[in-house]
Structure formats: structure tokens, C-alpha cells
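These are my notebook entries on one protein chain.

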Amino acid sequence: MQIVVDLNRCQGYAQCVFLAPRVFELHGEEALLYAPTPPNDQAERVRRAAAACPVQAILVGERAGAGAGTDVR
């Protein structure tokens, strides 16, 4: 599984941080850090986080991160 967050769309609501804290982290008040290839045991949490994002900024898929720039921790 790979994820990409559209950081231009992200508004820092942090729903993803609450639902998948091992994958998403809020740095400061608005900077979102995330693991573009989360551990397999976090897949369901990541899907729930993507569904809960108020602005639908999280793309989840097998190849979501192919060639995309991300903010990686």
C-alpha cells in the first residue's frame, strides 16, 4: 500500500493523525508528515483516515506514490 497526501489541499484538520498515528503526524499546527509506504498492519487505519479526511486530501492505493513528491519523516 502506498499513500499520497495533497499537501496543497490538506487543511490540517488532523483526522488522519487521530485515526492512524503511526502513519501521520502533525508537525506544528499545519505541517503534515506521513509515511508514504505504511506498514501492512496499518492498512485499515489508513483507509479509515483517508475516508475521514474532510477535504479528501489522502490518496490510497497500490501505486498512489509512484513518482509523486511527498513530505516524508
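Which residue takes a positive phi in the hairpin of β2 and β3? I note at the outset that the model is predicted. I looked up the hairpin and found that Gly 28 takes a positive phi near 75 degrees. The hairpin has 3 residues between the strands.

Entry on the strand pair. I recorded strand β2 as residues 24-27 and strand β3 as residues 31-34. The two strands run antiparallel and are joined by 4 bridges. His 27 stands opposite Ala 31 in β3.

Entry on the whole chain. I listed 2 helices and 4 strands. Read from the N terminus on, the order of these elements is β-α-β-β-α-β. I then looked up the contacts with a separation of 6 or more, and 69% of them come from residues 24 or more positions apart.

Entry on burial and surface. The chain has 73 residues, of which 32% count as buried. I noted an accessible surface of about 4500 Å² for the chain, and 47% of that surface belongs to carbon and sulfur atoms.

Rolling a probe the size of a water molecule over the atoms shows where empty space is left. My search of the whole structure returned 1 cavity of 30 Å³ or more. The volume of the largest cavity is about 100 Å³. It is lined by 15 residues, and those closest to its centre are Cys 10, Tyr 13, Ala 14, Cys 16 and Cys 53. I sorted the lining of the largest cavity into 12 nonpolar residues, 3 polar and no charged.

Conventions:
Residues are numbered from 1 along each chain as its sequence is written. This is a predicted model: local features need pLDDT of at least 70, side-chain atom pairs count only at pLDDT 80 or more; totals for chains, interfaces and linings use all residues. Side-chain values use heavy atoms; hydrogens and water are left out. On a 1 Å grid over the protein atoms alone, a cavity is a set of points where a 1.4 Å probe fits but cannot get out, and a pocket is an open set with protein on both sides within 12 Å along at least five of seven lines; lining residues have an atom within 4 Å of a point. Grid points are joined across faces, edges and corners, and a volume is the space filled by probe spheres set on the points. Ala, Val, Leu, Ile, Met, Phe, Trp, Tyr, Cys and Pro count as nonpolar, Asp, Glu, Lys and Arg as charged, and the others, Gly among them, as polar. Buried means under 20% relative accessible area, exposed over 50%, partly exposed in between (1.4 Å probe, protein chains only). Contact means heavy atoms within 4.5 Å. Accessible areas come from the Shrake-Rupley method with a 1.4 Å probe; for residues, only the protein chains shown count as cover. Two strands pair if DSSP finds at least two bridges between them.
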